[in-house]
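Welcome, and take a moment to look over the chain before reading on. We will go from the whole protein down to single residues, one stop at a time.

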Amino acid sequence: MEFLSQTYVALRGPTGAPQTPQDTINRLSDRLSPASLLADRRAAVLALKGLSRDCKRDVGDRALSGLLEVLANDAEVDADIGKAVLETLQSLCDTEEGDAVAKELGFKYTDQVLANEKTTHTLLALLGDQNFYLRFATLQYLSALLHNRRQLVQSYFLKSQNGTRNVVSVLEDKREIIRNEAITLVQALISQSPDIQKVLAFEGAFEKLFNIVNQEGGVEGGAVTSSALTCVDGLLRFNSSNQSYFRETALPPVLCALLLFPPNIQMRDPAPQEFALQFWDSQKQSNASLVVGIIGMLVGSKGSSLQEAIAFTRCLIEIALASNAPTPVKTQSLRLLPPNLTFQLSELTLTPYMPVPETNGEEWDRLEPASALDVIVELALHGEYNGLESGKRGKDGLELRAVAVSVFENFVQKDEIRQAILQAMLPTEGSSGPAPVTPLLHALVAPPNATSALDQANVTSTHLATLIFSHLLRSSPRAKALARTIMPSPMSGLSDSNAGSFFVPADGAPPPPPPPPEEEEDDEPPQSVLQILSENLSLSFLSRSRASTSDRESREWDRLIIGYLCLLSQWLWEDPQSVREFLDAGGFGTLVEPINQTSETDIVIPALCAFLLGICYEFDREPGEITRATIYPIVNRLGVDTLVGRMTRLRDDERFKAVGPDTVILPYPSASYLQSSLKLEREDEGEIWFDWAFVDFWKSNYYTIQRGLSAEPDQLSSSASGQNAEAAILVASLRDMIRSQSQEIEILQHKVKELTAAKDEDVAALKAQMETLSSELRQAEEKQKETEKEQEDLLVLLDEMTSKRRRDKVQLRELGKEVSEDEAEDDDDE
């Protein structure tokens, strides 16, 4: 009642006459003066709080300075008036609600509040108050000021004395509402401010945030866990100092533990099943994605110890290849693996899992263990779970397969690894049997089905196989020479259904091997991979030209043809012997007809055919039936300008322009204006045409081919590197030497760091020993001084006793007492 009476009197005025809002606000503003009673100031603030919603301009213009004075003087004394004034100020500085004028006023009053650092420092000091409403209102108002003028508030924060400690202490508040609001404040406070990130990290923010994550149940938690992990990410990302500090704490293993992955697991030990098979929902996926992002950031930055890097890398690989994590999390895990991947994928054994059909993901089959390299190739070729849903071709699934191809590309950067993989496709020494057909080789050379409808799953598998195989051959003369010697077994005895039988359940037996094909009397000699690709390319062109082919099926044939052409272009580049084999297999005639077509249906295939024809003409340096002199008249008949025009138009196609280092999957159908009848089979359907490696290859070598088409047959190659195969081999060997030397340098640098750390430890131990000895020496000197002082005191006491004895003897003689002779002699001596 007292509050209502005071408010009524403040609004009514002394005479009770009607007043305008301006008059009321003026009178209330006067009551904010320190000369008024605290109760009057509290009533005035509460009244202004109600008026600030409808009379924002008047309250701000007349009462803002008084409100700031009340905040500075009374908020710490009275929590009620502090809460009220903070809510009033927040209403005045609000820029989220209202029209444009109200938002403009919010920014105006924010600038007045932040005209100096006093108000910000007052707010930061109020965070130390334990009152719930006062602390909560302070957090909300600071968040509003950060939203409006973040950089200015951040600069004031760095100058405050207790701001850092108070902000971090609020993260420990047992009241969830306060704690959650504090997380929101920290998120805004650390945004784009490395200095604030550092001071909060060294004040213990990491430990407080991970405590919150654990209290909320780890990745199983809700939005609070997500906000806390976002703060951790914000403190670490682009801040090398915080990353180094974080590695020195005991928190890095906690990241793996949050995903239920044991951080100290040995390489030979399998990952636990509770890690591989978990129940997932959208919130858990979001939380796990944040943890995976932090792990990938630490793996990709410098400063990680060898043990930490191995643990993090294996955790990412296990998530992507041997778990039931959602597809986006798997894709993120593979993408965050470092580009210069030195992890031995061939030595890591994984245990993949596959869902049992019609169990809604509640039952899983454990498959036979396989190396991580084999699992990556299988994932790229057939998709998740042994190709269970490869026919659907969703964007997420294709993205995961494309990233798997990228990881494979990073792994085979060394030429010796490429050669080892290709060598596995050749018969072993001393073996008379056919060469083993690996899953990659099977997907690559399997003939397209030209008798019935084309299976888009097989098309995607073959297309991705061409991308993987091109990574094995690109810029490696030795790998190309090995690839020319591969003679796969005839594919007629292998059905397409075997393409996905790479894994078998752990509790079952592998399928029986297919029966060997019956030998015929006039068997043709085995064909090389290059010859098979040439035949498959020709067969694809014939099947594509059938009148009964639908637009969707025609598009699949286009995708398959583009895959073959891209692989052949990179294989034949700077390799005259491969060019000779391709020409002898009849590949040249396959390229001419698509260039001659005048239809505007597709410009990509004619462009790639012209590019591959130019490569054949450029590097046709080996003797044979089709030589440069044979090709030159055909090039003139087609027209050099026509060929160059075909290649130039490739750059204008959306399927080519849209490809980037991290953008390979395009929405289906891209460039749909060419085929208007194409329709989506599912909402998230995607497609892949090129990878960035080929786009970069084409852009780097397009002008070389353009110049080469105008050269006479007897002119030297316009490609300097193609003049001499030995020079190419020398360049490749020098590259390998540079890579090996770079690795040796990294190893030596790591050893230097270890020796430096050991030296620092020895120096620290010696310093500690020296300090101990110095302390002991000081103690001994103090004891010696004490002994000398005691001796001096004894001498003084003895001298005093001697003087007293003399006086006693004198007094005895005066009294007529006898003094012993000894005593007399002593006196005489004295």
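How many helices and strands does the secondary structure of the protein chain come to? The count is 38 helices and six strands. Keep in mind as you look around that this is a predicted model.

Let us stay with the whole chain for a moment. It has 830 residues, and 47% of them count as buried. The accessible surface comes to about 41400 Å², with 51% of that belonging to carbon and sulfur atoms. Contacts tell us something about how the chain folds back on itself: among those between residues at least 6 apart in sequence, 73% join residues at least 24 apart.

Glu-786 belongs to a negative surface patch.

Helix α31, residues 587-596, is mostly covered, since seven of its ten residues are buried under the cut-off of 20% relative accessible area. Those buried residues are Gly-587, Phe-588, Thr-590, Leu-591, Val-592, Pro-594 and Ile-595. What lies over them? The cover includes α28 (529-544), α29 and α30, together with α32 (604-618), α33 (628-638) and α34 (640-650).

Is Cys-231 buried or exposed? Cys-231 counts as buried because its relative accessibility is 0%. You will find Cys-231 in helix α14, which spans residues 223-236. Setting aside neighbours within four places in sequence, Cys-231 is in contact with Ile-183, Val-186, Gln-187, Ile-190 and Leu-209. Thr-184 is another residue to look for here: it is 47 residues from Cys-231 along the chain, yet the C-alpha atoms of the two are separated by 8.6 Å.

Glu-308 sits in helix α19, residues 306-321. With a relative accessible area of 12%, Glu-308 is buried, because buried means under 20%. Apart from neighbours within four places in sequence, Glu-308 is in contact with Arg-247 and Pro-252.

Charges bring us to salt bridges. Side chains of opposite charge can pair when their charged atoms come close. How many salt bridges does a search of the whole structure find? It finds 27. One of them joins the side chains of Arg-149 and Asp-111, with 2.8 Å from N to O. This pair links distant parts of the chain, 38 residues apart: Arg-149 is in the loop between α8 (132-148) and α9 (150-159), while Asp-111 is in helix α6 (residues 100-113). Arg-149 is partly exposed, with a relative accessible area of 28%, and Asp-111 also counts as partly exposed, at 36%.

Arg-559 and Glu-556 both lie in helix α29, three residues apart, which is about one turn of the helix. An α-helix has 3.6 residues a turn, so residues three or four places apart point the same way. The side chains of Arg-559 and Glu-556 meet in a salt bridge of 3.1 Å, N to O. Both Arg-559 and Glu-556 are buried. They are also part of a network, in which salt bridges that share partners join them with Arg-555 and Glu-687. Elsewhere on your tour, look for Arg-655 and Asp-653, whose side chains meet in a salt bridge of 3.0 Å, N to O. Arg-655 and Asp-653 are both buried.

Our last stop is the backbone. Most residues other than glycine have a negative phi, and most peptide bonds are trans. Which way does phi of Leu-260 go, positive or negative? Phi of Leu-260 is positive, near 70°. Leu-260 is in the loop between α16 (252-258) and α17 (273-276), and counts as partly exposed at 42% relative accessibility. Glu-574 is not a glycine either, and has a positive phi of about 60°. Glu-574 lies in the loop between α29 (551-572) and α30 (576-584), where its relative accessibility of 25% makes it partly exposed.

Notes. Residues numbered from 1 in each chain as written. Predicted model: local features only at pLDDT ≥ 70, side-chain atom pairs only at ≥ 80, totals over all residues. Heavy atoms only, no water. Helix = DSSP H or I, 4+ residues; strand = E, 2+ residues; numbered from the N terminus. Buried < 20%, exposed > 50% of the residue type's maximum accessible area, 1.4 Å probe, protein only. Contact = heavy atoms within 4.5 Å. Areas by Shrake-Rupley, 256 points an atom, 1.4 Å probe, with all protein chains shown as cover. Patch = residues over 30% accessible without salt bridge, like charges linked within 9 Å, V, L, I, M, F, W, Y side chains within 5 Å. Salt bridge = Lys/Arg side-chain N within 4 Å of Asp/Glu carboxyl O. Lys, Arg positive; Asp, Glu negative; His and termini not counted. Charge placed at Lys NZ, Arg CZ, Asp CG, Glu CD.
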